[in-house]
Structures are given as structure tokens and as C-alpha cells.
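I opened the notebook to look up contacts, strands, helices and a few backbone angles. Here is the structure I worked from.

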Amino acid sequence: MGTATGIIRALNSGIKHIAMKRFTLRYPEEKLKFVGDGYQFDPSTGVGIAGLKGRHMLFHDHCTGCQLCSIACEGVAEAIAMVKVPEEQKQNKKSIMPQIDYGKCVFCGLCVDACPFYALYMTNDYELSSFSKEGLIYTPAQLQVKPYVAQDSEIQISDRGATHG
Amino acid sequence: MTFNLPSGLALQKVDERIMTLNVGPQHPGSGHMRIIVQIDGDYIVACDPDPGYVHRGEEKMAEYRNYITNIPHLERPVIHDSCNVLYPYVLGAEELLGIEVPERAKYVRVIASELNRCIYIMYWLAIYGIFLGHSTMFMWPAGDRELLIDLMEKMTGARVTHAHFVPGGVRNDLPPNFEDVCLRQVNYFEKRIKEYAAIFYDNPILIARTRDTGVLSRQDAIRYGTTGSVLRASGVDYDLRVKEPYDVYDELDVHTNVMKEGDSYARSKIPWLDMLESCNIIRQALQKMPKSGSVRVKLKPNPKTKGLESVYKRVESGRGSLGCYIVSDGKVEPYRVKLSVPSFRNLIALPNLLKGEKLGNMPSVYWSLNYWPVEADR
């Protein structure tokens, strides 16, 4: 194959893409769709349930203050600290609950695997940026809130290429 | 005129005609690494790669964490290939802890590992394209990589650092309907990467720039101890997935790609052929995988090993054979973890490949070695 033919074929390969759909996800307007409600763990079988490893969610009525999540995080990110629960909120036996610093968290989800009481799950919320370091520290009361995550875009494949539709 | 060279390097003081040039460590064409080259006009006389700028002490850190909490940090050396870089550690830990892995988990691991290999190679190919001034070859792989990252996100819940493999299987089962989505996206991905042939690999400009540059002969490739795509580009048929099959690779039909030339072109084409082979392996694994069953063995919270033991396991990663040597002394933490990484082995060939080359060929020769600075320094 001659040099000229090769270059024309290369150009032709690129030109074909004018007719193809755009693959780019226009992020703030469109958001990706995830499977499920986030990563969860079933301690009775010892196997997790697939989902995005995003911000945690704490169920106050299940948490006993056993500190296993904090111990699991010790060698990883040391992001979980056990803090005193204010008196007006729901108490557990030790009246301590995890507080998570998302400036340190690496979203590995080993704390979720460690919880034997179905109290700590992960959610699809990934937009956690803040203007201050304090804003990244989530107290037990903040972790209790179930986040609303817009999910409207999924990869779709057609004859004219893949696109986020 | 004298040069103050750092002590302990292989370069000697030279005469005025020859200039010493530091490429890196901030140069975009070298990654977090310095390549000291001595040039006579446009030709490289001698070269000394100087790695070590991103040493993180992963091996020392592993001595203070138990077998489970080691997982998130041991996958950091190559975040794009995080399943493969963790694979030998997990296999070794399983042997030390005496765990038998369920059949379905082995197939899930193989799929995750092959997807990760493609993700790594796509990233590598994007940078190879931009090194050669081919902007389209930067945009296409970076975009098509998203297809596989989306699959990994569905499977593991994270886009790059998955922390998915654990001693005893994988963290979670596949999401519902994953097989169909995976098959559809992998088929489309294969169709896309076949289009790279016309624009990149059969492109006369690329061939002119990479053919017969940095030739590594078969004898030298074996003598330096190179692995992976560098070794296979020099005509040695060696792939651990075939030679020492781990998990379920012995049940799958794996074909090894070998090229005889040993130049930059062959070294850049072998990873691309590997990706096509990976697509085949994923399709086979999806077909042969047991449709149901456990994916993880339940472990005690802080698993302990039996006593003073050591184990060496290695896998074929996106760059070559990646080994992990674990010594245990019966405690919850390993006594010593040593990673034997392919990037560092392939780097040994660089000074000899660059001798006599033009300086303009340096990026193409250097990056064709499938080198990842962070992994070499670990």
C-alpha cells in the first residue's frame, strides 16, 4: 500500500465520524444512571449488593455504636470518627455514632462490609465538593438524610455509534 | 565546561561537543520520571533513566495493615489497572489463609481483570497517540474507554480504584442484567478498536516514525528480563495466562499475540492485539460462567495465617508479569509484601534502545515500553 493511499484511508476513517453521534456526556446537564441504590452489604451471607460507592447513609435505629466501621477504616483512610450523639436525637447503648470525613474517605466501602447490623450503606450521591474542610465532615445527623440523585443518562448503542441518551 | 552530574548515575563526564539534557521529572513526555540523555547534535549518545520520584512505600505500608485493609492501598500503584495489580496479592493471601474460592467468583475476577487490562491499554494508547502528535488517537481511546469504565462502575461501584477482589472471592455479585449489557458494550468496543487500524496502525506517518526505531532483539529481550508486550513484540511467545494459568484461564481459550520485529511499532501494536484478545476472553467467560452461586467465602473478621510461610504468585497484567511475594509469621498482618512489577523490568531495556536514536524518537521508544512510573516506584 502506497503512502498516499494510506494517508487517504486514515483521513477517510476520521471523516466518517462526522456522521456519527457524539459520545460525550454533558455532565452538569446530564447525569449518569447507576444500578441500584448504592453499595450495600448483607452480613448474613457475607456478600455485597452491587451499586455505586458514593456517600454513606447511616440508619440511626440500627446503629449500636459498636465502632466496627471505625476499626475497619483504621488502616485505610482513618476517615471515620465515633462522636457523641446529641441528647435530642435517637440514642443507642453507647450513644456514639460514626462521623465521616470525606476529605479522607477513599470510598472503598470496607466499613459497609464491617457493619453487622445493616446500619451503614452507601448511596449514589457523588457530588460532595465543599468550599471548606469542615463542610466535608458529615455528622451522624447529615448521614441520616437520603440523598436525591438525578439519573437520566445511560450508554445507548446504535448503528450510528454509542451515545449517552 | 564541566557537568555536575548526580552521583551514582551511570553517565560519565563528557567533552564539550556532547550536551546533557534532563527530560523530566516535570516534562509531560516522561511522566513522573527523569530521563537524563546525552546528545551529540540530534543523536542520543547515552541515556540514564532515573525513576523514584513517586515512591510511596506501598511495601512497607503493607506490613502494618491486615490482609483485608491492605487492599485499598495496594491497588494504588496503577489505578487504571487496579484489579490486575491487586490480583497476585489476593491469590497469595488466599493460599496463605487456606481459602477455596467459589467457581463463579473466579469467572467474575477474570472478566474484571480483562476489562481492566483494556482500560489500562486504552489509557496507554491515548498517551502514545499524543506523544506522537496524533490528537485524534488521544481523543478516541480516551472516549471509548468510557464504555468499559461504565461496565466496571456497574460491576464494582467505582470507576477506577475498585477494591473489588478480596481473599475469598469478590466483594459483590454482578448486578442484574449485567451479562447482556457487558456483551453489548464489549462487542461495540471491539468494533471501535478495529477502526484504529486505518487511522493509526496502518497510517504511513506512524509507520515511518516507529518502524526500526529502538529495536530490541530476541536475545536482549530475554537477557534484560523484560516481560509482557515488550517481550512478545521481540518474538518470545510468553504469556502467563497460557504458561501458568491462574483462576480459570486454563478453561478459556487464550491466544497469544507475537511479533518478531522488536521495534517501537511492534511494541505499540501488541497491546492493541491484546485488547482484541481480551474481548474474546470476556465473551468466553460470560458464556462459561455459572449462572448462580456464591461469589465470596465468609471470612472471620481478622483472618490469621497458619505460621511462618511464604508464597509467590504472579499474573499477567496490562504491562506484563506482575508478581507478589508475601511472607507471613502467623499474625493478622503480613510480615513482608514485595511487589515485582513489570514496568521496572521493562525500563532496564531503555538505555540500550535509545543509544544512537534521534532525540525526536525518544517519546515513542520510551512509551512503547509500556512503562508506568508510579508502578515502577511503588
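**Entry 1: where the chains touch.** I began with the interface. I found 33 residues of chain B in contact with 29 residues of chain A. Contact here has a cut-off: the C-beta atoms of two residues, placed from the backbone, lie within 7 Å. I noted that this is a predicted model, in which local features need pLDDT of at least 70, side-chain atom pairs count only at pLDDT 80 or more, and totals for chains, interfaces and linings use all residues. Residues are numbered from 1 along each chain as its sequence is written, while chains are lettered from A and ligands numbered from 1 in the order in which they are written.

Which helices of chain B each supply at least two residues of the side that touches chain A? I listed helix 5 (135-156), helix 6 (178-194) and helix 7 (196-201) of chain B. Helix 5 of chain B gives the largest share, seven residues. Helices (H or I, at least four residues) and strands (E, at least two) are DSSP runs, numbered from the N terminus. I then sorted the side of chain B that touches chain A by class: 13 nonpolar, nine polar and eleven charged residues. Ala, Val, Leu, Ile, Met, Phe, Trp, Tyr, Cys and Pro count as nonpolar, Asp, Glu, Lys and Arg as charged, and the others, Gly among them, as polar.

**Entry 2: strand 5 of chain A.** I asked why strand 5 of chain A is largely enclosed by the rest of the structure. Five of its six residues (96-101) are buried, so the strand is largely enclosed. Buried means 20 or more other C-beta atoms within 10 Å of a residue's own, exposed means 12 or fewer, and partly exposed is in between; C-beta atoms are placed from the backbone.

I checked its pairing next. Strand 4 (residues 80-84) of chain A joins strand 5 of chain A through five bridges, and the two run antiparallel. Two strands pair if DSSP finds at least two bridges between them. A:Ala81 has A:Gln99 in strand 5 as its bridge partner. Strand 5 of chain A also pairs with strand 7 (residues 137-138) of chain A, antiparallel, over two bridges. There, A:Ile100 stands opposite A:Tyr138.

**Entry 3: a sheet in chain B.** I found an open sheet of three antiparallel strands, in the order 1-2-3. Strand 1 (19-23) and strand 3 (43-50) of chain B are the edges, each pairing on one side only. Strand 2 (residues 34-40) of chain B pairs with strand 3 of chain B over seven bridges. B:Ile39 stands opposite B:Ile44 in strand 3 of chain B.

**Entry 4: two helices in chain B.** I looked up helix 4 (residues 103-131) and helix 12 (residues 264-288) of chain B. They pack at an angle of about 155°, with their axes 9 Å apart. That makes them roughly antiparallel. The term covers angles over 145 degrees, while under 35 is roughly parallel, 65 to 115 roughly perpendicular and the rest oblique.

**Entry 5: positive phi.** A:Tyr118 has a positive phi of about 55°. A:Tyr118 lies in the loop between helix 3 (110-114) and strand 6 (120-122) of chain A. Is A:Tyr118 partly exposed or buried? A:Tyr118 is partly exposed, with 14 other C-beta atoms within 10 Å. B:Asn177 has a positive phi near 70°. B:Asn177 is exposed, with 10 other C-beta atoms within 10 Å.

Methods. Axes fitted to C-alpha atoms, helices over the stretch in contact; angles between N-to-C directions.
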